[in-house]
Amino acid sequence: MIAVQAALDAPERALAMMLVSCATHLTPSVPGEVLRAYDARFEAAFDYMIQGSISATTKRERPEVAELLSGAYRAKGNFSREVFLSFIHDPDGVFHWNVTERLKDVSQPALVIAGQEDQTMPMEAMRALAARMPHAEFKLVADVGHSYPLERPHDFNEDLRTFLSQIGE
């Protein structure tokens with residue numbers, strides 16, 4: 001999201017973007033009951049979100065990925081209830097960030113990657129992000145959730161190398 005905003009605000013400073021599990025204008029895509037669950041039972045809902053962010057294959061073959069994510073988010077001062085809830089309730093927060101109408105102005109090449117098993121980022125929102133940028137490509141990755149670089153680092157790095165090699169061609 002930061003990369004997209006930077007490309008819009010300072011296009012001369014962004015050569016290209018590889019966007020992983022990213023979208024804009026999330027609030028309409030997230031059911032109200034989910035948002036209310038975060039308010040009422042943040043810890044339980046957050047645990048559910050972490051589990052929903054990882055593919056079944058990763059859970060089975062690399063359980064340390066879930067442990068890493070959980071530990072990083074739970075480390076004191078890293079990601080408090082207040083910070084997360086501000087994403088939802090702050091009119092300028094992540095869930096309300098909406099540059100949909102400006103995406104047509106993104107002039108840089110972009111690769112938008114979505115994990116097929118990502119249950120934390122609405123698939124239609126990720127597809128819409130790519131579809132609205134004139135020089136974007138969308139890639140759906142099987143057996144991956146929200147954390148492609150952690151779940152399959154070798155494949156992610158190969159996609160990054162390939163994308164970067166095409167920049168400037």
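This report describes the overall fold of one protein chain and then several of its residues, taken from a predicted model.

## The chain as a whole

The chain holds 9 helices and 3 strands. Read from the N terminus, the order of these elements is α-β-α-α-α-α-α-β-α-β-α-α. With a radius of gyration of 16 Å, close to the 15 Å that the globule rule gives for 169 residues, the chain is as compact as a globular protein of that length. The C-alpha trace spans about 50 × 40 × 30 Å along its principal axes.

Of the 169 residues, 40% count as buried. Among contacts in the chain with a separation of 6 or more, 73% are between residues 24 or more positions apart.

## Helix α7 and its cover

Helix α7 covers residues 123-132, and its buried residues are Met123, Ala125, Met126, Leu129 and Ala130. The cover over these buried residues includes the strands β1, β2 (110-115) and β3 (136-141). As a general point, an α-helix has 3.6 residues a turn, so residues three or four places apart point the same way. One of the buried residues of α7, Met126, is also touched by serine 21.

## Serine 21

Serine 21 sits in the loop that joins β1 (17-20) to α2 (32-40). Its relative accessibility is 6%, and because buried means under 20%, serine 21 counts as buried. Although serine 21 is not a glycine, its phi is positive, at about 55 degrees.

Leaving out residues up to four places away in sequence, serine 21 touches Ile113, Asp118, Met121, Met126, Gly145 and His146. With histidine 146 there is also a polar contact: the side chain of serine 21 reaches the backbone oxygen of that residue at 2.9 Å.

Aspartate 118 is 25 residues away from aspartate 143 in sequence, and their C-alpha atoms are 9.4 Å apart. Aspartate 118 is also among the residues that serine 21 touches.

Threonine 57 belongs to helix α4 (residues 56-61). At 19% relative accessibility, threonine 57 counts as buried, since the cut-off for buried is under 20%. Beyond four places in sequence, threonine 57 touches Arg62 and Asp143.

Alanine 45 lies in helix α3 (residues 42-52). A relative accessible area of 12% makes alanine 45 buried. Apart from residues up to four places away in sequence, alanine 45 touches Ala37 and Tyr38. Histidine 96 is 51 residues from alanine 45 along the chain, and 19 Å separate their C-alpha atoms.

Serine 165 is part of helix α9 (residues 153-166). With 44% relative accessibility, serine 165 counts as partly exposed. A polar atom of the serine 165 side chain lies 2.7 Å from the backbone oxygen of threonine 162. Serine 165 and alanine 114 are 51 residues apart in sequence, with a C-alpha to C-alpha distance of 20 Å.

| Residue | Relative accessibility | Class |
|---|---|---|
| Serine 21 | 6% relative accessibility | Serine 21: buried |
| Alanine 45 | 12% relative accessible area | Alanine 45: buried |
| Threonine 57 | 19% relative accessibility | Threonine 57: buried |
| Serine 165 | 44% relative accessibility | Serine 165: partly exposed |

Terms used:
Residues numbered from 1 in each chain as written. Predicted model: local features only at pLDDT ≥ 70, side-chain atom pairs only at ≥ 80, totals over all residues. Heavy atoms only, no water. Helix = DSSP H or I, 4+ residues; strand = E, 2+ residues; numbered from the N terminus. Buried < 20%, exposed > 50% of the residue type's maximum accessible area, 1.4 Å probe, protein only. Polar contact = N/O pair within 3.5 Å; in protein donor to acceptor, adjacent residues only side chain to side chain. Contact = heavy atoms within 4.5 Å. Rg over C-alpha atoms; globule rule 2.2 N^0.38 Å.
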